[in-house]
Amino acid sequence: MTTTGFETALATRPEPGGADPGSPGLGAWDEEQLEARLRELATARYHDRHPFNRRMHQGELSPAELRLWVANRFYYQCNIPIKDAHILAKLHLPAQRRSWLRRIQDHDGLTDQDGGLEKWLRLGEAVGLARHELLTHRHLLPGVRLAVDGYVNFCRNNDRLEAVASSLTELCAPSIMLTRLETFPLHYPWIDSAGLSYFRGRVPQGRRDGSEALAWVKEWAVSRDQQDRALAALSFKCDVLWSLLDSVQGAERRETP
Ligand SMILES: O=C(O)c1cc(C(=O)O)c2c(n1)C(=O)C(=O)c1cc(C(=O)O)[nH]c1-2
């Protein structure tokens, strides 16, 4: 990428409350150590270990349980582009904004027919949920709403480092998508495989997004305080994903769509 004077000036502008770039201070890790800690945290706390996801991947969910998950995850899907718009507004460089804008387009599409939200609606239809059931959020559980709104507000209220670091669960997302692509046809053959296209699309998108966010976090988190804040943001996001599944798991015994 050719760097313009404009970009250089903006890139070197310190973040409010942040350390000057290039002055790590005492106790700071180098980039390799920071990456290792971020990956270790993401792997240890990721929601692929949640009992609901384990049961999903082992083929133990009933159609009603799968429908409840799909309906509730739609609220997460709808809010991802909104939290990404908050992050977009915190980025100083045109190249960074161009890049982050792609994430919004991945979910919203360039037309009504080609985005992730549309693909999730098709997943809904494949498991037996009408579009209007998802679009009206009629099956949304209160705990899922709180977890997802918490994620959006976290990205709205914190700086670009914490907001971008909270997306780093995506380092683990491609692998969970591959697990679903492998296990759904085996355990849930009643789901039309065309309905799984959301998962297919997220494998390359998640790899690209995860490595981009990781590179930025390593560049921005220079001091130990910044590095600790990046880790805390990632930990918070692991809690968001975990709480979402806690709610779905807790509710399924009481009520299903
Ligand atoms: O199904 C999943 O397990 C899963 C996990 C995650 C994640 O790890 O954050 C995301 C997604 N899916 C996903 O589809 C998605 O678009 C997405 C965006 C983000 C993010 O934080 O910006 N995470 C995720």
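In this predicted model, the ligand is surrounded by Ile80, Ser167, Thr169, Glu170, Cys172, Ala173, Ile176 and Arg202. Sorted by class, this shell holds four nonpolar, two polar and two charged residues.

The largest nonpolar core comprises 58 residues, and Leu168, Val217, Ala230 and Leu234 have the most contacts inside it. The element that gives the most to this core is helix 12 (residues 224–252), with 10 residues.

Attention can then turn to a pair of helices. Helix 4 (residues 63–88) and helix 8 (residues 142–157) pack with their axes 9 Å apart and at an angle of about 10 degrees. Because angles under 35 degrees count as roughly parallel, helix 4 and helix 8 are roughly parallel to each other. From helix 4, the residues Asn72, Tyr75, Tyr76, Asn79, Ile82, Lys83, His86 and Ile87 meet Val144, Arg145, Val148, Tyr151, Val152, Cys155 and Arg156 of helix 8. The residues of this contact divide into nine nonpolar, three polar and three charged.

Finally, Thr183 lies in helix 10 (residues 173–187). There are 14 other C-beta atoms within 10 Å of Thr183, so this residue is partly exposed. Apart from neighbours within four places in sequence, Thr183 is in contact with His57 and Gly59. Thr183 and Gln58 are 125 residues apart in sequence, yet 7.3 Å apart in space, C-alpha to C-alpha.

Key. Residues are numbered from 1 along each chain as its sequence is written. This is a predicted model: local features need pLDDT of at least 70, side-chain atom pairs count only at pLDDT 80 or more; totals for chains, interfaces and linings use all residues. A nonpolar core is a set of buried Ala, Val, Leu, Ile, Met, Phe, Trp, Tyr and Cys residues joined through C-beta atoms within 7 Å. A residue is buried if 20 or more other C-beta atoms lie within 10 Å of its own, exposed if 12 or fewer, and partly exposed in between; C-beta atoms are placed from the backbone. Helices (H or I, at least four residues) and strands (E, at least two) are DSSP runs, numbered from the N terminus. A residue is near a molecule or strand if its C-beta atom, placed from the backbone, lies within 6 Å of it. Ala, Val, Leu, Ile, Met, Phe, Trp, Tyr, Cys and Pro count as nonpolar, Asp, Glu, Lys and Arg as charged, and the others, Gly among them, as polar. Two residues are in contact if their C-beta atoms, placed from the backbone, lie within 7 Å. Axes are lines fitted to C-alpha atoms, for helices over the stretch in contact, and angles run from 0 to 180 degrees between N-to-C directions. Angles under 35 degrees count as roughly parallel, over 145 as roughly antiparallel, 65 to 115 as roughly perpendicular and the rest as oblique.
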